[in-house]
Amino acid sequence: MELFGSHLRGHKNASTDRPSPEHWSTFALIISVQPATRKLSVSAILFGILAGIIGIGGGLFLGFALGAALAAAFHVSTFEGEAGYFAAAIALIVTCVVAPGLILLTLYWRGTRGLWLFAGLITVCVSLGIIAVSGFGIWYAGQPHVLNINGPTPLLEFEVKPPAGQSVQSLADVQPKLDTDRNAMPGYWHTDAPQDPGVRAGYVEVYFRTSQRLFVLKFAGQEDKIFRLKLPANPMREKYRAWSDWQNPDFVAKAGQQPSRPSGGNEYQIRYKMDYQNP
């Protein structure tokens, strides 16, 4: 009986000492925050960068919404986009408040304290700047860059010399073409007689800035002659206005086949120069 009574008393005391729901909520709140550290961890920086991206996106969205509402409330004129500029200014202000605040809150959640908190804010902001600059650089590099944006399209003047023993008439049905990693442009033969009767002259537009240019002579039913042009990405310099040396084809290819090196011997040759107006 004594043992039974002591067991009941123990069970009663255990029920009395059990934490209340309020204690459990306080305990959960405490363990959700990382313990304070004396250094800046990599995980804190990564979470801070993520928080900064979310803060920038959310700040811009909320800022534009708030700016539009304030512009309507204060009757900001829409003449010459004044309301839009006003909303953009409000969006920048809100973003400059929301993004750093969210970064600091995230770093604090990850256990960063004291001066390390502000060091973490600077580190995250610098990292976000590097990410933005790198992303813009990658995007800009992938864009097609017009060679002469403020003037007429530059021309590549070319002359084609047939192999010894063949006349210029062998080029009657040949189609010149310029292939780049940006585009493909058809070439055109000049209708007036060239100064040298042993060559046939023409031109092709050079529209984009790129160093990967192939000049192709397409022969009907025969191997195409492919020339790698020795021009930089921006050939609008005085030295490229002069005729190049005569150049043999770098590759030959038939339709539907992989290009191969020419076997050598007597071949078609080209020379070229740039013709453009200074912007």
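**Exercise 1. By class, how many nonpolar, polar and charged residues does the lining of the largest pocket have?**

Before you start: this is a predicted model, where local features need pLDDT of at least 70 and side-chain atom pairs count only at pLDDT 80 or more, while totals for chains, interfaces and linings use all residues. Residues are numbered from 1 along each chain as its sequence is written, and side-chain values use heavy atoms, with hydrogens and water left out.

Solution. 

- Step 1: On a 1 Å grid over the protein atoms alone, a pocket is an open set of points with protein on both sides within 12 Å along at least five of seven lines, and lining residues have an atom within 4 Å of a point.
- Step 2: look at the space. The largest pocket holds about 240 Å³, a volume being the space filled by probe spheres set on the points, which are joined across faces, edges and corners.
- Step 3: find the lining. There are 14 lining residues, and E157, E159, Q195, A201 and W243 are the closest to the pocket's centre.
- Step 4: sort by class. Ala, Val, Leu, Ile, Met, Phe, Trp, Tyr, Cys and Pro count as nonpolar, Asp, Glu, Lys and Arg as charged, and the others, Gly among them, as polar. That gives five nonpolar, three polar and six charged residues.
- Step 5: trace the strands (DSSP E runs of at least two residues, numbered from the N terminus). β1 (155–161), β5 (200–205) and β9 (269–275) each give at least two lining residues, and β1 has the largest share, with three.

**Exercise 2. Work out the sheet that contains β1 and β9.**

Solution. 

- Step 1: the order is β4-β5-β1-β9, an open sheet of four strands with antiparallel pairing. Two strands pair if DSSP finds at least two bridges between them.
- Step 2: check the edges. β4 (188–189) and β9 each have a single partner strand, so one side of each lacks a neighbour in the sheet.
- Step 3: zoom in on one pair. β1 and β9 run antiparallel and are joined by seven bridges, with L156 opposite M274 in β9.

**Exercise 3. Now do the five-strand sheet.**

Solution. 

- Step 1: read off β3-β2-β6-β7-β8, open and antiparallel.
- Step 2: at the edges stand β3 (184–186) and β8 (251–253), each with a single partner, so one side of each is left without a neighbour in the sheet.
- Step 3: follow β6 (residues 213–218) to β2 (residues 175–180); they pair antiparallel over six bridges, and L178 has F215 as its bridge partner.
- Step 4: go the other way. β6 pairs with β7 (residues 224–228) over four bridges, again antiparallel, and L217 sits opposite K225.
- Step 5: inspect the turn. β6 and β7 make a hairpin with five residues between them, and G221 in the turn has a positive phi of about 75°.

**Exercise 4. Describe how α3 packs on α5.**

Solution. 

- Step 1: locate the helices (DSSP runs of H or I, at least four residues). α3 covers residues 42–73 and α5 covers residues 115–141.
- Step 2: take the geometry. Their axes are 9 Å apart, at an angle of about 65°. Axes are lines fitted to C-alpha atoms over the stretch in contact, and angles run from 0 to 180 degrees between N-to-C directions.
- Step 3: list the contact (heavy atoms within 4.5 Å). α3 brings I45, G48, I49, G52, I53 and I56, and α5 brings T123, V124, S127, L128 and I131.
- Step 4: classify. The contact has seven nonpolar, four polar and no charged residues.

Definitions and conventions:
1 Å grid on protein atoms, 1.4 Å probe; cavity = no way out; pocket = protein on both sides within 12 Å on 5 of 7 lines; lining within 4 Å.
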